[in-house]
Amino acid sequence: MTVSIRHTVSAALLAAAALGSVGAHAEGLYVGGSVASPDWRSPVNGLAGNDHNAAVNVYGGYSLSPNVALELGYMTLGHQSSDLGEVKGHGGYLDVVGTLPIGASNFSLLGRAGYDRASIMTDAGSDNGGGLNFGGGLQYDLSRNVALRAEVTRYRFNTFGTTTVNDQYSVGVKYGF
């Protein structure tokens with residue numbers, strides 16, 4: 001099953017509309033989204049080429065403490081193409097996310113680790129696989145409820161009999177209820 005950018009944008013707009021309709025604030029819950037520049041770090045099913053397009057991530061999370069949260073998310077992986085064909089994918093992840101405030105500023109270091117699962121499609125075939133991911137970055141709290149994030153995340157998938165790696169450099173916003 002392929003997911004178009006139009007469907008992904010529609011899902012993000014639906015999530016934003018849902019945010020606007022929520023009246024009660026549940027402690028610890030948050031949602032967010034980001035746009036990313038994907039970088040396929042390994043050939044996929046024999047294909048390697050130039051990275052294209054942006055990737056999109058949407059997620060929801062629950063803060064277990066001021067510095068530890070669980071996040072469940074959906075990501076697109078952009079695509080790459082060469083004379084031999086095209087590679088694209090999408091999937092989901094479950095991560096533990098930690099933040100460490102930097103001094104008295106509104107900045108925090110951010111780290112994540114978890115499990116991801118994706119569908120990878122090539123002109124030569126498709127495969128589903130999972131693996132561990134990890135990443136880090138910075139978070140800037142604009143207010144108690146709104147934060148900006150800049151991150152680098154490495155997704156690893158065991159597909160096509162090998163490990164496929166997709167790095168994403170992302171910027172996004174997180175909204176806490």
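The protein chain exposes about 9,100 Å², and carbon and sulfur atoms supply 62% of that area. Accessible areas are computed by the Shrake-Rupley method with a 1.4 Å probe, and for residues only the protein chains shown count as cover. The model is predicted: local features need pLDDT of at least 70, side-chain atom pairs count only at pLDDT 80 or more, and totals for chains, interfaces and linings use all residues. Residues are numbered from 1 along each chain as its sequence is written, and side-chain values use heavy atoms, with hydrogens and water left out.

**Overall layout**

The protein chain has 1 helix and 9 strands, in the order α-β-β-β-β-β-β-β-β-β along the sequence. Helices (H or I, at least four residues) and strands (E, at least two) are DSSP runs, numbered from the N terminus. Of the 177 residues, 38% count as buried; buried means under 20% relative accessible area, exposed over 50%, and partly exposed in between (1.4 Å probe, protein chains only). Among contacts between residues at least 6 apart in sequence, 59% join residues at least 24 apart, where contact means heavy atoms within 4.5 Å.

L110 is found in strand 6 (residues 107-122). L110 counts as buried because its relative accessibility is 5%. Residues up to four places away in sequence aside, L110 touches V97, G98, T99, G135, G136, G137, L138, Q139, R149 and E151. One of these, G136, is 26 residues from L110 in sequence, and the two C-alpha atoms are 5.3 Å apart.

L94 belongs to strand 5. Its contacts beyond four places in sequence are E71, L72, G114 and Y115. L94 and R112 are 18 residues apart in sequence, with 9.8 Å from C-alpha to C-alpha. L142 lies in the loop between strand 7 and strand 8 (146-159).

| Residue | Relative accessibility | Class |
|---|---|---|
| L110 | 5% | buried |
| L94 | 47% | partly exposed |
| L142 | 48% | partly exposed |

**Nonpolar patch**

L142 is also part of a nonpolar surface patch, together with L100, I102, F107, L109, L138, Y140, L148 and V173, and the accessible area of the patch is about 740 Å². Patches are made of residues with over 30% relative accessible area and no salt bridge; like charges are joined within 9 Å, and nonpolar side chains (Val, Leu, Ile, Met, Phe, Trp, Tyr) within 5 Å. A salt bridge is a side-chain nitrogen of Lys or Arg within 4 Å of a carboxyl oxygen of Asp or Glu. Strand 6 and strand 7 (125-141) each supply at least two residues of the patch.

**Pocket and cavity**

On a 1 Å grid over the protein atoms alone, a cavity is a set of points where a 1.4 Å probe fits but cannot get out; a pocket is an open set with protein on both sides within 12 Å along at least five of seven lines, and lining residues have an atom within 4 Å of a point. Grid points are joined across faces, edges and corners, and a volume is the space filled by probe spheres set on the points.

The largest pocket holds about 740 Å³ of space. Its lining has 31 residues, with S63, S65, P66, R144 and K174 nearest the centre. Strand 5 gives the most to this lining, with 4 residues.

There is 1 cavity of 30 Å³ or more, and the largest cavity has about 90 Å³ of space. Its lining consists of S34, N57, Y59, E71, Y93, R112, E151, T153, Y155, Q168 and S170. Strand 8 gives the largest share of this lining, 3 residues.
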